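I opened the model to look up a few things. These are my notes, in the order I took them.

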Amino acid sequence: MENPDTSNQQKVAAPAAAAEGGGGGEEEEQQVVNPWEVSAKDGGKIDYDKLIDQFGCQRLDQSVIDRVRRLTGRPPHVFLRRGVFFAHRDFNEILDAYEKGQKFYLYTGRGPSSEALHLGHLIPFIYLQDVFRVPLVIQLTDDEKCMWKNLSVEESQRLARENAKDIIACGFDVTKTFIFSDFDYVGGAFYKNMVKVAKCVTLNKVVGIFGFGGEDHIGKISFPPVQAVPSFPSSFPHLFSGKDDIRCLIPCAIDQDPYFRMTRDVAPRLGYHKPSLIESTFFPALQGENGKMSASDPNSAIYVTDSAKVIKNKINKYAFSGGQDSLEKHRKYGANLEVDIPVKYLNFFLEDDDELEHIKTEYAAGRMLTGEVKQRLAEVLTEMVERHRLARANVTDKMVDAFMAVRPLPTMFD
C-alpha cells in the first residue's frame, strides 16, 4: 500500500471531509500528505500532530501501549514504544475483542514498483502477527502500479512475485498468511464487495478524498474499492466463510489513511465492522526528514539487497547529519538530534533502549562524533540486511506459490 507520485495528480495536503475525519483549510496546503505524494512545507519536517487533527485519527498514546503489554504479556515492539506507530483508528476496539477472546485478522499490503524493498517498506510487515498470533492477508497491488507507474501488466506481476519473496523473508508463518496479487485474485466475492463499495461512493466524494483531477484516467478513480475490500472478511471466503463479523486491523503508513477513511465511512452501510488502523510515521530519506524514502531514488534509501559496502557508503555520503561543521564547534555545541538522520534510523532499528539513549546523550553533548554514530548505524543495518538476505536466498518459487495459493488455513487462530 505504498503508492507512487503521479504527474497528473492534483496535490492535496489533507483530503476533504468527505468521509470520517479530515477537513479543509488554507493551512493544510503547507504540507502535502496523500497516497501519491509526501512532502513537508519548505523542505522541513512532516507535522504529525497536524496530520492527526486533519485526518481525524487518534494519537497512539502510552495508555494504549501499556494495554498491549498487559494483554500480550510481552514488551511492546520498538515501533510502538518509540512512536513509529503514532496514530490509530479504533485500535482499542481490537484490543477489547482480543481481551474477550474474540478473533481478528491483519491486513496490509505492498505496491510492487521496484525489484526489492527498502527498509521503510518493512515497517508494516514487522511484529503484529507474531505477538497476536492471528492470520494476515497481504495485498500486492500490481494493478495499481500498472496504472500509476505506467508499467506493463506482465512487469507489474513479475515485480509482485519478487516483492513477495522479500515479504516472506521477514519470517511469516505460511499456516497463518495469505499473500495475493490483485491481477490473480480479484473476482468472485472480492469483486462483489468492490461493486458494493463503488456504489456507495460518489464521484464528488472520491474527488474530495483523493483529489483526482480531470486528466486522471478512470482506472485511478476505480481503484480505491480494490484497496478497501480486503478489510471485509467476506472478501476471503476460503479463509473466513461464515465469519462476516470478524474484525480487521490494518497497519499502514499515515499516507494510506484516505483509503480507509473512505472504507470506514462505507463499512457500516454494508453490514461490516469499520476496520481499525495503526498508522506509522514515514521512514525518512537519507537526505533529510522532509518526506519519505523513494523507491525511484536508490540513493535516498537502504535496500534489503544492499551490500555492507553499499550501506556504509550510502550512510557516509548521503545520511544528513545534525553534527556541527567543525570538530571544535561540535565539541562545544553538540549535534542537533532533531535533524540527524543516523539517529532517526537508529530509533527505528537499534533494539537496545539503553544504548540508544547513551548515543543520543553523548552525541547531543558533543562527546560522540558524527562518524561514530554513522559507523554504529552501518553495523546495525548491515546485520539486519544480511539476516534478511540469507532468509531471502532460501525463498523459492514453490514457497511463493504456497503463500499465494487460495486455500483454507485451518490452524490460523491457534
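Predicted model: local features only at pLDDT ≥ 70, side-chain atom pairs only at ≥ 80, totals over all residues.

Residues are numbered from 1 along each chain as its sequence is written, and side-chain values use heavy atoms, with hydrogens and water left out.

**Entry: Val 206**

I looked up Val 206 and found it buried, with a relative accessible area of 5%. Val 206 belongs to helix α10 (residues 203-210). Helices here are DSSP runs of H or I with at least four residues, strands are runs of E with at least two, and both are numbered from the N terminus. For contacts I used heavy atoms within 4.5 Å. Leaving out residues up to four places away in sequence, Val 206 touches Val 201, Gly 211, Phe 212, Ile 221 and Pro 224. I also checked Tyr 259, which is 53 residues from Val 206 in sequence and 9.7 Å from it in space, C-alpha to C-alpha.

**Entry: helix α14**

Tyr 259 is one of the buried residues of α14, and Asp 257, Phe 260 and Val 266 are also among them. Nine of the 10 residues of α14 are buried, so the helix is largely enclosed by the rest of the structure. Helix α14 (residues 257-266) lies across β4, β5, β8 and β9, and runs at about 165° to β9. For that angle, axes are lines fitted to C-alpha atoms, for helices over the stretch in contact, and angles run from 0 to 180 degrees between N-to-C directions.

**Entry: the sheet**

I then followed the strands. Two strands pair if DSSP finds at least two bridges between them. Seven strands make an open sheet in the order β3-β4-β9-β8-β5-β6-β7, with mixed pairing. β3 (58-59) and β7 (177-181) stand at the edges with a single partner strand each, so one side of each has no neighbour in the sheet. β4 (residues 85-89) and β9 (residues 276-280) run antiparallel and are joined by four bridges. Ala 87 has Glu 279 in β9 as its bridge partner.

What does β5 pair with? It runs parallel to β8, with three bridges, and pairs in the parallel sense with β6 (residues 136-140) over five bridges. Phe 104 stands opposite Arg 247 in β8, and Tyr 107 stands opposite Val 137 in β6.

Is β5 enclosed or open? Seven of its seven residues are buried, so β5 is largely enclosed by the rest of the structure. In a regular strand the side chains alternate between the two faces of the sheet. In β5, Phe 104, Leu 106, Thr 108 and Arg 110 are on one side, Tyr 105, Tyr 107 and Gly 109 are on the other, and both faces are covered.

I set the terms on a 1 Å grid over the protein atoms alone: a cavity is a set of points where a 1.4 Å probe fits but cannot get out, a pocket is an open set with protein on both sides within 12 Å along at least five of seven lines, and lining residues have an atom within 4 Å of a point. Grid points are joined across faces, edges and corners, and a volume is the space filled by probe spheres set on the points.

The largest pocket has a volume of about 840 Å³. It is lined by 34 residues, and the closest to its centre are His 77, Ile 126, Cys 170, Glu 351 and Arg 387. Helix α19 gives the most to this lining, with seven residues.

There are two cavities of 30 Å³ or more. The second largest cavity holds about 60 Å³. Its lining includes Leu 106, Thr 108, Ile 126 and Pro 251. β5 and α5 are the elements that give two or more residues to that lining.

**Entry: cysteines**

How many disulfides are there in the whole structure? I found zero, taking a disulfide as a pair of cysteine sulfur atoms within 2.5 Å. The sulfur of Cys 200 has its closest cysteine sulfur in Cys 248, at 18 Å, too far for a bond. Cys 200 is buried, at 14% relative accessibility, and Cys 146 is buried at 18%.

How values were computed:
Buried < 20%, exposed > 50% of the residue type's maximum accessible area, 1.4 Å probe, protein only.
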